[in-house]
Amino acid sequence: MVTLTIDGREVQAEEGAMVLDAARDNNIYIPALCSNEAIKPYGACRLCLVEIVTNGKERLVASCLYPVEEGLIVKTNSERVMNNRRTIMELLLARCPSLEVIQDLAKRLAVDKTPFKLEDKRCILCGLCVRACEEVVGVSAISLVNRGIDREMASPFYEFPDACIGCGSCAYVCPVETITLEDVGDTRTITMPNPKMQKTEFKLKKCKICGNYWAPEKQLDYITKTLSLAPEIFDVCPDCRE
Ligand code: SF4
């Protein structure tokens with residue numbers, strides 16, 4: 001274990017843990033939109049920046065990417081941190097002013113307006129969906145493309161990606177709830193925030209016992225092929241299995 005100080009409190013953390021995790025484990029709030037414990041940290045949103053003191057020197061780092069060290073001093077709400085964090089929040093608010101999650105977080109960080117030019121985007125470009133699709137699902141159906149102000153989450157030719165299996169992991173991890181998933185009857189509909197991409201429907205598999213529609217057929221095909229399972233294994237939903 002490693003001992004460090006966060007906001008004047010001595011805390012312990014596992015060696016190799018990131019400062020953000022150490023803070024969360026000790027109920028110390030650091031805002032972060034692009035972090036998810038199932039996905040490798042990436043430092044995209046920069047909201048989790050903190051000030052650290054090492055060898056007498058202070059600097060700002062993204063706490064999701066900075067590993068704990070013995071004797072490390074961390075300040076999560078110094079004036080410098082708060083000023084930088086507010087500017088990042090103002091940029092996010094300018095980019096996505098209509099997203100409820102962004103509005104709520106801005107309020108929490110005492111940001112009620114933004115000096116930057118307003119846009120009406122529905123994606124903060126954190127890339128969590130892309131990383132979930134690649135790292136967790138193993139499909140890589142979507143990606144972040146282009147540079148600078150043209151950066152966007154997209155699929156090849158902006159068509160709904162053929163590779164997508166309809167698993168919904170991207171919607172599940174999206175921190176601003178902008179990728180939507182709706183199951184109605186035998187159909188799952190997934191809608192991406194990029195207006196150039198269309199929404200797509202997936203047929204759901206019906207359980208042979210209870211008759212409930214429970215998972216996209218395409219996702220179940222993918223799992224049976226990837227793991228070399230017998231296709232009949234998914235004739236019955238998890239609730240009806242012993
Ligand atoms: S629903 Fe499609 S795009 Fe989203 S994570 Fe699953 S495979 Fe990837």
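This is a predicted model: local features need pLDDT of at least 70, side-chain atom pairs count only at pLDDT 80 or more; totals for chains, interfaces and linings use all residues.
Let us begin with strand 8, which covers residues 180-184, and strand 9, which covers residues 187-191. These two strands pair in the antiparallel sense, and 5 bridges link them. If you find Leu181, you can look across to strand 9, where its bridge partner is Ile190. Strand 8 and strand 9 form a hairpin with 2 residues between the strands. In this hairpin, Gly185 takes a positive phi near 60 degrees.

Strand 9 also has a partner in strand 10, made of residues 200-206. Here the pairing is again antiparallel, over 4 bridges. To find your place, look for Thr187, which stands opposite Lys203 in strand 10.

Now for the rings. How many aromatic pairs does a search of the whole structure find? The search finds 1. The pair is formed by Trp214 and Phe234, with 6.0 Å from centre to centre. Their planes are 55 degrees apart, and the pair is tilted. Angles over 60 degrees would count as edge-to-face and those under 30 as stacked, so a pair with an angle between these limits is called tilted.

Where do the two partners sit? Trp214 belongs to strand 11 (residues 213-216), while Phe234 is in the segment after helix 6 (217-226), so the pair ties together parts that are 20 residues apart in sequence. Phe234 is buried, with a relative accessible area of 12%.

One more ring is worth a visit, that of Tyr29. Arg108 lies over its face, 3.6 Å from the ring centre.

Methods
Residues are numbered from 1 along each chain as its sequence is written. Side-chain values use heavy atoms; hydrogens and water are left out. Rings of Phe, Tyr and Trp (its six-membered ring) pair if their centres lie within 6.5 Å; planes under 30 degrees apart count as stacked, over 60 as edge-to-face and the rest as tilted. Buried means under 20% relative accessible area, exposed over 50%, partly exposed in between (1.4 Å probe, protein chains only). A charge sits over a ring if NZ of Lys or CZ of Arg is within 6 Å of the ring centre and within 35 degrees of the ring normal. Two strands pair if DSSP finds at least two bridges between them.
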